[in-house]
Amino acid sequence: MNANPTDAAMRRALARARDGKALDPAEATVLLHARGADLDRLLDHAGRVRDAGLASVGREQVVTYSRKVFIPLTRLCRDRCGYCTFATAPGKLPAPFLTPDEVLEIARQGAAMGCKEALFTLGDRPEDRWHQAREWLDAHGYDDTLSYVRAMAIGVLEETGLLPHLNPGVLTWRDLQRLKPVAPSMGMMLETTSRRLFEEKGQAHYGSPDKDPAVRLRVLEDAGRSNVPFTTGILIGIGETVADRAESIFAIRRVAREYGGVQEVIVQNFRAKPDTAMRGMPDADLSELAATIAVTRLVLGGRTRVQAPPNLIGDEYDLMIRAGIDDWGGVSPLTPDHVNPERPWPHIEELAARTAAAGFTLKERLTIYPEYVLAGEPWLDPRLRGHVAALADPETGLARPVNPEGRPWQEPDGGFAAAGRTDLHVEVDASGRAQDRRDDFARVYGDWDALRDRLPAGVAPGGVPAASAGVAATGPVADEAAQAATAKAGAAKAGAAKAGVAPARAGAVDGEMRAALRRAETDPVGLTDAEALTLLGADGADLAELCRVADGLRREAVGDEVTYVVNRNINFTNVCYTGCRFCAFAQRRTDADAFTLSLDQVADRAAEAWEAGATEVCMQGGIHPDLPGTAYFDIARAVKKRCPDLHVHAFSPMEVINGASRINLSIHDWLVAAREAGVDSLPGTAAEILDDDVRWVLTKGKLPTREWVEVITTAHRVGIPTTSTMMYGHVDTPAHWVAHIRLIRRIQEETGGFSEFVLLPFVHHSAPIYLAGIARPGPTARENRAVHALARVMLHGAIANIQCSWVKLQDDLCRAVLSGGVNDLGGTLMEETISRMAGSENGSYKTISDIAAMVEPTGRSLRQRTTGYGTPSPERLAAAKASDGVCRSVRRTPDPALLAGPRRVAVPPA
């Protein structure tokens, strides 16, 4: 598997490297074999790429390092790596964890010596393997190891001013949310993508659950999604092939390109250690290491920082610099390298001299690299801004020659001061948004070109399903039957791809369609995924029949009434750095359309809604980094204090995760506290499509499917009802819709906590992912009718209320879906800013009269409801009638030219 390449292959690969051409994995594999004169040429090419990258950031001929202390918080680990001497057994340690006093003593000594980084290294989740670790954590009041890591990181920041760099192993997306506020950077070595080393007995990673390459790549991706400056790297010489090394380098490049969060890549050579299973393995050759560094540099480019640990390279400093490194990593004047204890750090003076001998200057950096220091948000949490600023040169982002001092770590104290365009809720209809896109469009959402490579199977750029609709979803409930049916449909209907599932022949009610319609009418609960996909292709007489069936089920479930609620949306801020690519609402704090409401303004708007007869306020906002950790509780209390009987329908699962992470509560405990603060129900938004293959295209950093499900099901368990939603028609396929609805039903059967299912067609006009040419311009009219009807069929007997969104559908299409299974129109809203910012053309509110006029042609009766579908009190009904369901302050006469939004794009034909 490691056969040497031919001379001709080596010459071709070196020529491509010389000429700056992109290498593929096969060419990289060839170059990893370079030795002798070929290696010299390879190093020259890599060095030039490194030098150009340093010049581009104003650091010509500079190699950096971080002055650090090494804090081995625990040497217990649940893994069993064959080369590791760091991990040990409880009987060989005086205690499972360092005590807080021991941690702080190391940090204080380091601060006195001018160190600025506290490197926390520890084994992966030792409490899962060692009862001694579990017992120690319980005795000291910590839920898990990461809770102790978080507490110690805060202690180090407050007591010493050192900046924590956390290496706790495999982290989940939620773990990263918990730890980002206490550490400017984190890290985890990828090591290798070789599954053989993980799966085969006797190999380096066998028996180590956290060394699954897929799991470790997911951590790198989640760190990028969470805007965490992240260190990773590869370990060579542990039994991997040369091709494995190339694959690992390209895997890191993919993540670095897509998210921009890989701040450095370590190329580390294996060194055999006594008393390990791999003690007999030969050390990785240093020429082999140099070739790997050079190829890493060529593949990753000049803007990525590449590091080699200086205590593992013997005297070959010059060789490593020639190979293309620009960083020596962390070097400690105080603590040993606990992972490689037999290899002492070089003295910093010696390292500077060795670097100078190679023609470079050694300069100190912080644990967070200069590019991220200078970029600030979203990479640096505001709670750490002061700690980093105290140590960073504001011009270069490198370290200042100062000793750190402890500083308080606390929640942002900006509170709820009103800021920015607080009248956007009315001005969006009158004067529109300031611009159709943010000026950081090209970088804030990740790399658009890399994103195209992530499109779900069967979806081409522009969101159009390739060859046909129905490429099966890979989500939690996709099944083989659905995949087979989808593939069959795709082969048969390749000529009509644009709509997602190609419509059936007009008037054809036979074969598979006839069987699916019959099942929908007689046994809707038994509908298979394959039959559901067939129904989504209905058109003409087939579609009319599907709508008839759905409407019959609607009548059976809830009767003929059309319901609505008099409510008000209150978006308390649109400042957000999550990076949702479908969202035109989110702004940076400095953008012209950015705003934040004060608590008094939130309460004032709630009071206005109450005066107008509202029974509900729906409150959601951006993930604003400066709001205090108690922000959500404060908002709910402010509304309940002013309007005790107003139903507070507030905070999406994303906001729940954000709130819980910021104050380090479990989801359960946060929801209990939210209920006590006045939250009555949650909107089941932030769902989009509950399939991570789709979600990670739609959004850079929003919560994964599993986290959404946990928030929702936990809310139901603690007695907080929620809605459920699906946003569709962007980069998804109809099979994703089927899987999503199936998952919603499964949750409802388990918890019974959903009050309704709301279908949200994608509004594209100003959505970044559409402007970038990746998403399609929303679903067609045919698809809208079909999916509303199918939702009624698939959720029959589970969720009684199916709601359409008048904000996203025009009146005639609302009437069409009302005749196809829908029974609810949502609310009067009073202010609807999110969809209007995306270019929705249907205004920001509807009066009761408007809703009545919309429904009147259907011949069905109209009923005002409460959030829980009850009937409001006579007093509420009278107040709503007097105001026509909309408060006076939002009523404006808009310019008709502006109602179309910032861009006019033709609606695709049905």
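## A walk through the predicted model

Leu54 lies in helix α3, which covers residues 36–56. This is a predicted model, so everything below is read off a prediction. Is Leu54 buried or exposed? With a relative accessibility of 1%, Leu54 counts as buried, because the cut-off for that label is under 20%. Leaving out residues up to four places away in sequence, Leu54 touches Arg59, Glu60, Gln61, Val62, Gly302, Arg305, Asp326 and Phe360.

### The chain as a whole

Stepping back, the chain has 35 helices and 20 strands. Of its 910 residues, 64% are buried. Take the contacts between residues at least 6 apart in sequence, and 77% of them join residues at least 24 apart. The chain exposes about 31,700 Å², with carbon and sulfur atoms supplying 51% of that area.

### The β12-β14-β15 sheet

Now for a sheet. Three strands make an open, parallel sheet in the order β12-β14-β15. Its edge strands are β12 (567–571) and β15 (647–650), each of which pairs on one side only. On average, and ignoring direction, neighbouring strands here are turned by 25° against each other. Helix α23 (residues 599–611) packs on this sheet and touches β12 and β14, with its direction at about 170° to that of β12.

Strands of a sheet pair through backbone hydrogen bonds, either parallel or antiparallel. In this sheet, 5 bridges join β12 to β14, and 4 bridges join β14 (residues 616–620) to β15. Glu616 is a handy place to start looking: Asn567 stands opposite Glu616 in β14, and Glu616 in turn stands opposite His647 in β15.

How many residues of β12 are buried? The count is 5 of its 5 residues, so to speak a mostly covered strand. In a regular strand the side chains alternate between the two faces of the sheet. In β12, Asn567, Asn569 and Asn571 point one way, Arg568 and Ile570 point the other way, and all are buried.

In the loop between β12 and β13 (595–596) you will find Thr578. At 9% relative accessibility, Thr578 counts as buried. Setting aside neighbours within four places in sequence, Thr578 is in contact with Arg225, Ile623, Met654, Thr699, Lys700, Gly701 and Lys702.

### Strand β3 and its partners

Strand β3 (residues 163–167) is largely enclosed by the rest of the structure, because 4 of its 5 residues are buried. Strand β2 (residues 117–122) pairs with β3 in the parallel sense over 5 bridges, and Ala118 has Pro164 of β3 as its bridge partner. β3 also runs parallel to strand β4 (residues 185–187), joined by 2 bridges. There, His165 has Ser185 of β4 as its bridge partner.

Here are the parallel strand pairs side by side:

| Strand pair | Bridges | A facing pair of residues |
|---|---|---|
| β2 and β3 | 5 bridges | Ala118 and Pro164 |
| β3 and β4 | 2 bridges | His165 and Ser185 |
| β12 and β14 | 5 bridges | Asn567 and Glu616 |
| β14 and β15 | 4 bridges | Glu616 and His647 |

### A helix crossing

Two packed helices are described by the angle between their axes and the distance between the axes. Helix α25 (residues 653–662) and helix α26 (residues 667–677) pack at an angle of about 105°, with axes 9 Å apart. That angle makes α25 roughly perpendicular to α26. On the α25 side the contact is made by Val656, Ile657, Gly659 and Ala660, and on the α26 side by Ile667, Trp670 and Leu671. Sorted by class, this contact has 6 nonpolar residues, 1 polar residue and no charged ones.

Most residues other than glycine have a negative phi, and most peptide bonds are trans. A few spots go the other way. The peptide bond from Glu377 to Pro378 is cis, with omega near 5°. Pro378 is found in the loop between α14 (370–375) and α15 (385–389).

Tyr869 has a positive phi, near 70°, in a residue other than glycine. Tyr869 is in the loop between β20 (862–865) and α35 (874–883), and at 13% relative accessibility Tyr869 counts as buried. Asp884, in the segment after α35, has a positive phi of about 60° although it is not a glycine.

Note on methods
Residues are numbered from 1 along each chain as its sequence is written. This is a predicted model: local features need pLDDT of at least 70, side-chain atom pairs count only at pLDDT 80 or more; totals for chains, interfaces and linings use all residues. Side-chain values use heavy atoms; hydrogens and water are left out. Two strands pair if DSSP finds at least two bridges between them. Axes are lines fitted to C-alpha atoms, for helices over the stretch in contact, and angles run from 0 to 180 degrees between N-to-C directions. Contact means heavy atoms within 4.5 Å. Buried means under 20% relative accessible area, exposed over 50%, partly exposed in between (1.4 Å probe, protein chains only). Accessible areas come from the Shrake-Rupley method with a 1.4 Å probe; for residues, only the protein chains shown count as cover. Angles under 35 degrees count as roughly parallel, over 145 as roughly antiparallel, 65 to 115 as roughly perpendicular and the rest as oblique. Ala, Val, Leu, Ile, Met, Phe, Trp, Tyr, Cys and Pro count as nonpolar, Asp, Glu, Lys and Arg as charged, and the others, Gly among them, as polar.
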